[in-house]
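Work through the exercises below with the sequence and the model in view. Each task is followed by its solution in steps.

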Amino acid sequence: MSTSSLHGAFFLSLALLLSFVSNSFVSAACTHEYGQATYGDIYQKFQGLEASGGSTYAKGARANGLHIYIDPTVTEIEETAKVSVHEYVHLLQQGYLNEELVLDSAPTGGVPLSDSSSSVGNGLRFQAINYCGVAEATVTKHLEALNAMPDDVKLFDHPTFVIFYSQTPGEGTGNCNAAQTETFARDAFNAIYGEDCPGMESTPMIWEANENHVVAEGEAEFLATNVFTSSYTSFNGTAYWEQKIADGKTDCKLPGNNPHFYVHSGSSQDVDDMKDKMQNAGVSPACSNNAIGELMYASFVNYCLEKEGSSALDDWCRPEALRRVWKAAPTQGFDCAFFNQYGWTWGEVVAKMYAEYQVDTSAVATTVPSLCLYDQTCSGEPKPCRRLPSYTHDEALAKCPFEVIASCGDISLSSASSSSSSRSSPTNAAMISAAVAASVSFFFAFFLN
Ligand SMILES: [Zn+2]
């Protein structure tokens, strides 16, 4: 409960900071919380302080975007295009968790900007914003890879912009033109969302409370390397995935040498807690969120094959099945949505993974914590929740899908109710942090001037 008031104070100061920046720092007219957080995210990316890809999703907005860094010396452009596909999968996940994506097939008649009064955009589903002089061949390949995805994942009725950033050769950071950071960020924001961000919700939903973070990362990389690959002619996505799994096992000291590899509910908080424990135990920081997600997903695929037979990847374990889980998660909770789709509890799959990687060969499903269903109509600070232990298979049959566990202000079994995540794709917390980072620098400049 004490964390509650701390977070309350945090959000209050955020509101104060935002009121300072709204008229001066951002010349765009979109001044509400979500608009400012989204702008802050783009601004931070153009600063180039941390060159990690991501997605910029805002519910109700007329478009959305992907953040993609390009090292100009890298010649494997199809491998870089894989990153755009990965980030697009995150947009789909966020669209479902925000209950914005309700379609099962692509909208017909093109993808006009939701705000038809705007002249921005060319009406194409995938578009590029390239202020940093990224090579045309690279830009073209990214758009080609996105366009080559199957129609049943082109579900947004608005365009997706790929924002290209330049990365310092051989390094993780880059800023193509420091003097233009603010101009680029404002122009990109206005091109994607519109100066007045028409349609955009003013406050982000607490969608990540219903997100299984581990599955989100694993799915995005699996689809980008093994499934949505028809545009790749020189990049062998399957071999790349298998190498990543091998590298992930090395980095995470699996199988057998990592007694801390407990993904628990799969929430972002549980992954952060697990990484803290691994770090304290001297496991390489290379055992990243992405590696953890990929290892979990590889085990999940094995579980599918084992349960459903050799045709599993064409049947139960096909991409559409997991999309139905994301779609149902905001109303059923991830775990019940997962159980209703596959007929296995999350705990069953995780216990099998612990055995496969020799983390804990005696783990059983009912010792694995479950994610609660979070009621997204709640206002105020996020309260992601999990409970211990997981329900049994029979209990899932009896309780799903109507079980509502977490309600507004419910307790959290995690050590903290929210924290920023190191996931590439921005969570609310990460977006807000970005806005705060941008705001704080202005805030001090304001008083120093
Ligand atoms: Zn990702």
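**Exercise 1. Find which residue stands opposite Val162 in β4, then place the strands around β4.**

Step 1. Ala128 is the residue opposite Val162 of β4.

Step 2. Strand β3 covers residues 126-130, and five bridges join β3 to β4. The two strands run parallel.

Step 3. Turn to strand β2, residues 64-70, which is joined to β4 by seven bridges. This pair also runs parallel. Within the pairing, His67 stands opposite Ile163 in β4.

**Exercise 2. Decide whether strand β4 is enclosed or open to the outside, using the model, which is a predicted one.**

Step 1. Sort the side chains by direction. Thr160, Val162, Phe164 and Ser166 point one way from β4, while Phe161, Ile163 and Tyr165 point the other way.

Step 2. Check burial, for which the cut-off is 20 or more other C-beta atoms within 10 Å of the residue's own. The residues pointing either way from β4 are all buried.

Step 3. Conclude. Because seven of the seven residues of β4 (residues 160-166) are buried, the strand is largely enclosed by the rest of the structure.

**Exercise 3. Describe the protein chain as a whole: its helices and strands, its burial and its contacts.**

Step 1. The chain holds 14 helices and six strands.

Step 2. Of its 449 residues, 50% are buried.

Step 3. Take the contacts between residues at least 6 apart in sequence: 75% of these join residues at least 24 apart.

Notes:
Residues are numbered from 1 along each chain as its sequence is written. This is a predicted model: local features need pLDDT of at least 70, side-chain atom pairs count only at pLDDT 80 or more; totals for chains, interfaces and linings use all residues. Helices (H or I, at least four residues) and strands (E, at least two) are DSSP runs, numbered from the N terminus. A residue is buried if 20 or more other C-beta atoms lie within 10 Å of its own, exposed if 12 or fewer, and partly exposed in between; C-beta atoms are placed from the backbone. Two residues are in contact if their C-beta atoms, placed from the backbone, lie within 7 Å. Two strands pair if DSSP finds at least two bridges between them.
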